[in-house]
Every structure is written in C-alpha cells, then in structure tokens.
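Hi,

Here is the structure I promised to pass on. Have a look at it first, and my notes follow below.

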Amino acid sequence: MDDIKLAKVENVRMIDRYNTKNPTVGTLYLTATHLIFVEPDSNKETWILHMHIASIEKLPLSTTGSPLLIRCKTFLSVTFVIPKDSECHDVYTSLIKLFQPVSINKLYCFNYQPAKDDFPKNVGWDFFKLEAEFKHMLVPNENWTLCSMNEKYELCDTYPRQIYVPKEATTLMLISSSRFRSKGRLPALTYLHNNKASICRCSQPLSGFSARCLEDEQMLEAIRKTNPNNDYMFVVDTRPRINAMANRAAGKGYENEAFYENIKFHFLGIENIHVQRASLQKVLEACEQKSPTMSAFLNALESSGWLKHIRSILDTSSFIANAVDKGISVVVHCSDGWDRTAQVCSLAQLMLNPYYRTIKGFQALIEKDWLAFGHKFSERCGHIQTDAREVSPIFTQFLDCTWQLMSQRSESFEFNERFLLILHDHVHSCQFGTFVGNCEKDRLDLKLAERTFSLWGYMSNHLNEYINPLYKPNVDESIKANLAPQCIKFWRGMYSRFESGIHPREPLGDLLLDSKEHCNSLEDHVQHLTKRIASFKNYISKSAKKLQDATTTTTTKVTKEPTPNEINDNKYNYDKKLSELSAADDDHPLKASNMSFANLSLNAEQTSPQALSEEISSVALDWKSMRNVTTCSCSTPFDQFSKKTHCWRCGEIFCERCIDKNVALPGHDSGKPVPVCRGCFRQMQKQSP
C-alpha cells in the first residue's frame, strides 16, 4: 500500500467513446490490486486489475479536468477525467508503480487469496504430468525413449526435465546437437501420431554460412528412421526465407540441404515477434476510432495485417498436420523454437487429435507445448518491467487461431469462446502462478506450486461455464482449416468485447448452454421421480398382497366352525382381535394407519412427508428467460460480457457473485452439485438435519 498516494477520488467522469456527450460520473477507488470505478446511480462497477494494464497516458488538461487514458491487455480502453490535476498525477504515479512490478516476487499471485475457500492451494498443480501425456501417445516404445540427460537442466535449461528422443540417439549425438542449436534446444519429440509419424521441435542451427555438425545430421536421420512408413521427412522453418538468410550473417541460419539426407525443407513465412506486436497495435487503433465508418474500419484492419498473420499461422499448422496425417514425420523450428514453433506444433496437434479439442486435452496441450517447452510467458506478456521489445501477442494469436477453427467446426470442440477468453485474461493477470516465469526451471525455482494457486484448480470449479452445447464427441478424428480469405474472421468477442452496443445482450452460446443445463436438470429430476414411483409401486403391491392374504386368512377363520372353547360373543371377539392387531408388527396390512400414503413413503424410503415434499420442490421446473434481464437481484447490471447464471433450485437469474455455491439437490438422482443462489443455499441449510 506504500505505492498508493491517493486511495479515493470523487466526481470522476468515465468517458465511453460511444457516449461522449453524457459521461458517467462516479467515484474512483485505488486498491493494492485493482482500480475500481463505481457509478452510484446505476450501481455498476468497473474493475481493472493492475496487472491487466498495458499502458497509462496522461492526456492534455481539458476544461472539465485532467484525463487519464488506460489501455488494458484485455482490450479494455477507458478514459477517466479527474477534476484536479494534482489528484490525477497521484493516481498516475501510483499506477505506474503498481501495474508492472520490478521483481517477479511482487506479482499478484504471491499475495492472492480466494475470497472463499473454493479450492486448496495444491489443487490443479498435479492435473498434468508430462510422462502421462506421452503415455497417451504410447511413448516410450520401440522407437522413442526418455532421455535422462536433462534432469538438472544441463542439456537445455529452457526444456522440460523429461525429453523424448529416438532410441538410436547416442549421448554424443544429443550433446553435440544441443551445442549446435540456438539456446541448446535440440530436436525433441512433442507429438507421435497413431501412424508412427511424429512432430519434433527444436531451434535454428548455428550453421552460419558453412558450418555443419555431423551429430546433428545423425540426430535428424535417427528421427526419420523412427517412422518406418516413409523414407523421407520434412523440416519446416516457420520463418520467411529472407529472415533465415539474414540470421546466417549472425552465425545462425538454417540447415544446409547438401548435408542432410532424405529431408525436404520448407520455409513457411510467419513473421517475427516485432511484426506481430506492431500488427496488434494497429488492430487496437482500428477498434478505437472515434466514429468509425465501414470503409475506415475495414481499411485499418487490412493495413494492420493481423488477419493475414492469423492465416499464415493456420496455413503452416495445416501443412504440418496434413503431412503427419499422410504418415510423414516433421521437424519444426523458428529462431529459438519457443514462439512460432509453439504456435504451429500445438495447432497441428489440435487439428490431428480430438483429445486436444476437449477441455482437459487443450489444457494438457498448453502445459506440454507452451509451459514445459519454454514459451517465455513473463517476457511476452510483460508481467514485470522488462525490455518492451520482448513483449508480443504470441499466445493471443494461438487462441485466435483456435477460435477460427472453432468457428469453422464448432461441433468438434468441447469448450466455448468464454473458455478461451478466461485463459487469455489469466495468462496476463498473474492471479495464478500457472503462467508465471519463462520456462519449467523458472517455475520450480520460484516454488510456484507451493506459493501460489493454480489456474487449472480455479477452472475446475467452473467447468459448466466452458461447455460448448454443440459439441459432438467422436465425430471427426482430424479436422482441417478452411484457409479461404473470407473464412478468416475478425474476433470481435476478443478485441471489441467491451464495446457496448455491438454485442447481443444474450450470446447464442450462453442461451444454448442454458437450455441444455435446464434439460439436464429436468432429466435428472425425472430420473429421481421415476425411481420414487417405482419404489412406491413395489411397496403398494407388497401391501396389497399382504392385505389379500390377511383377508383370505380371516375369511377362512370366520367360516370355520367355532370350537367348543370359543365364546360366541361378538363384542368379546371384536375386542380380542383389536388387541391382537395393536400388538402386531408395524407393517401389518390391516392396520388402518399403515394404509396412508404418508406411511407408505416412510416405509418405502424411510422419508418423512415433509422431506418428500422438499425433494419434489427442490428442483425448479421453470427457469426465468434470460432475454432482457438487465440486472441481478443485488442491483448489479448485466452487460454483454456478464455471465448470467440460473439457480437450479428457484429458477431465477443471478450474477456470478450471488451464485457462488454448488450443492446437490434432493430432487436430483445423480447427487451432482449444481449452482444455487445464496437465498436457496441458506434455506437448504436450515432444512437439512
């Protein structure tokens, strides 16, 4: 809190570029982690996490005050007009210190504590193990083996400890290849297809104009031999040829075809991190035009080159996926093998393997090809004060390409757009330790698994929000991207998501998911009622049989001749039979009280009538329509980005804050915890014994 010079400023105006004539007036609060703007009239709050801030700019003084322009990594752009220049300066200097810490140990994740005990700190850190992911691919096997030489990161400090290499590879080959490749990133297996074709990844060779390494040549030949179905393989350099040639002057470059046998080389032309950073900046400028016309926006988007870059990444990924699908192994690299290589290797696997198109599989893909193989998240996302030239939207592009595939083949993906947006925002938020650091070694040195919470642990509590209602598992083994220019779209949901007025209030995906959840709730309730009715039928039939047997027995006794000892006195006999009935077992079929439906349920399921009534009424049969619901019961307004959630018990709609409990409903057969509002949760707590 020492960095905060001013904690609260009143009469601040927030300017929306679509509504400059009537700006919102409210109070600005500055906390240790967030900048919060509260609009008292509408009860709306705008929360900006310090770690999400990309840039802060003090604009020239106006007649109404001192404007402060804040641009966020989540693509929110907002201007606050603060009445006094001195107050604006205090907020500005405080934010400059807070939004980009000097030390990695000052990041938000090291102080973050969930508001409630949602999940323990250790949950999520053990969801994915590299060995388990390779076991899915049946590795190790007769061709591939686990290399133990990187246990202490001595072979390559930006690679994982477990790397898989050809069985033929000798220690000398591995060491020499590592020394011959930039940053020691030797060729290592990342994906093995079921037809024995593989994807290996590495960095550029330090070949210069004429240098060669026999062991590196032998290493690539050993990789080729792991696939007996083809006598050649591809080496894909993801860079434009001219960039690779320029690197030769610096002693790096690319493989010389004369030295590498049975290999076909391809340059596939994805631009470097600096071009991608500048391109995204132009996209944001296109989105921030004051009053954009159709031609002005489209021209600005075209000149940014962003969609061209997205298509280029998809094109390269498709080339790799098609080669592997045909049984041809591929070795992929760029300059250092942690940006473009990560993009195209992971996207190719997404196209080839339906497992990676599930929620768990996609998370595993990120763990393997991005986290374990050393994509520099902290540098590329600007987590701490660093060289601005190292910042680049490489992971954002990967998510964009995934969204393009989802748009074309929505039934092939288990997850929805919200899943990708949550991933994007938390990669930048540093709220969780999952994406902090530049490689596996960094994360171990920082002891993130002990000191911070895992994003996967958090997401496991919200999986129902990420389900794609159109998903059809096992429809396609592999999918292909349509690379026609008109099929590559601008991702409005990412780059323009905070622009009010251009989104539907209820996204179609949310409406479909809501309908699916309602159907699931009703089916679960029907299942429970069916079992209840079956048990009642069973009990009634048993009781009826006992009653019939008892009636028959009684009739027989009545028709019998009275014995000499039996007294022929109706009153005496009636009283005697009544006393016998009273002393009989509770389930005697002639007992009058036993024939009530309340007691039927008691004997059938050991459930009181009150509990039975609670079971039936615990599931909402009608859910309130999401359409045109503008505010939650707590007065929080819903905008186009807010998640509206139904309470499965009462059927009303609430915001995420008001529906933070998951409990099992008595009227559901599955016993699965489902979302309930706070009011229903309290009511259920009172009713439970």
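To what number does the count of aromatic pairs come? The count comes to 36 aromatic pairs, where rings of Phe, Tyr and Trp (its six-membered ring) pair if their centres lie within 6.5 Å, with planes under 30 degrees apart called stacked, over 60 edge-to-face and the rest tilted. Phe75 and Tyr495 form one that is edge-to-face, 5.1 Å centre to centre with 75° between the planes. That pair links distant parts of the chain: Phe75 is in the loop between β6 (66–72) and β7 (77–82), while Tyr495 is in helix α17 (residues 492–495), 420 residues apart. (Helices, H or I and at least four residues, and strands, E and at least two, are DSSP runs numbered from the N terminus.) Phe75 and Tyr495 are both buried; buried means under 20% relative accessible area, exposed over 50% and partly exposed in between, with a 1.4 Å probe and protein chains only.

Before I go on, the ground rules. This is a predicted model, so local features need pLDDT of at least 70 and side-chain atom pairs count only at pLDDT 80 or more, while totals for chains, interfaces and linings use all residues. Residues are numbered from 1 along each chain as its sequence is written, and side-chain values use heavy atoms, with hydrogens and water left out.

Now the overall picture. The chain has 22 helices and 18 strands, and 51% of its 689 residues count as buried. Among contacts (heavy atoms within 4.5 Å) between residues at least 6 apart in sequence, 69% join residues at least 24 apart.

Arg212 lies over the face of Phe259, 4.1 Å from the ring centre, and Lys661 lies over the face of Phe681 at 5.3 Å. The rule here is NZ of Lys or CZ of Arg within 6 Å of the ring centre and within 35 degrees of the ring normal.

Next, salt bridges, meaning a side-chain nitrogen of Lys or Arg within 4 Å of a carboxyl oxygen of Asp or Glu. The count comes to 25 salt bridges. One of them joins the side chains of Arg201 and Asp369 (3.1 Å, N to O). Arg201 is in strand β11 (residues 198–201) and Asp369 in helix α10 (residues 359–372), so the pair ties together parts that are 168 residues apart in sequence. Arg201 and Asp369 are both buried.

Another one pairs Lys376 with Glu390 at 3.4 Å, N to O. Lys376 is in the loop between α10 and α11 (377–380), and Glu390 is in the loop between α11 and α12 (394–408), 14 residues apart. Lys376 is buried, with a relative accessible area of 13%, whereas Glu390 is partly exposed at 22%.

Lys441 and Asp445 make a salt bridge too, with the closest N and O atoms 3.1 Å apart. They are four residues apart in helix α14 (residues 440–445), so about one helical turn separates them. Lys441 is partly exposed, with a relative accessible area of 29%. Salt bridges that share partners also join Asp339, Lys376, Glu379, Arg380 and Glu390 into one network.

His333, in strand β14 (residues 330–333), has 0% relative accessibility. Leaving out residues up to four places away in sequence, the residues that His333 touches include Arg181, Cys202, Asp237, Arg239 and Glu255. Gly457, in helix α16 (residues 455–460), is also buried, at 0% relative accessibility. Its C-alpha atom is 8.1 Å from that of Asn122, although Gly457 and Asn122 are 335 residues apart along the chain. Neighbours within four places aside, Gly457 is in contact with Phe119, Val123, Gly124 and Phe127.

Last, the surface. Leu470, Leu508 and Leu512 form a nonpolar patch there, with about 270 Å² of accessible area together. Patches are made of residues with over 30% relative accessible area and no salt bridge, where like charges are joined within 9 Å and nonpolar side chains (Val, Leu, Ile, Met, Phe, Trp, Tyr) within 5 Å. Leu508 lies in helix α18 (residues 508–559) and counts as exposed, at 61% relative accessibility.

Cheers

Methods
Accessible areas come from the Shrake-Rupley method with a 1.4 Å probe; for residues, only the protein chains shown count as cover.
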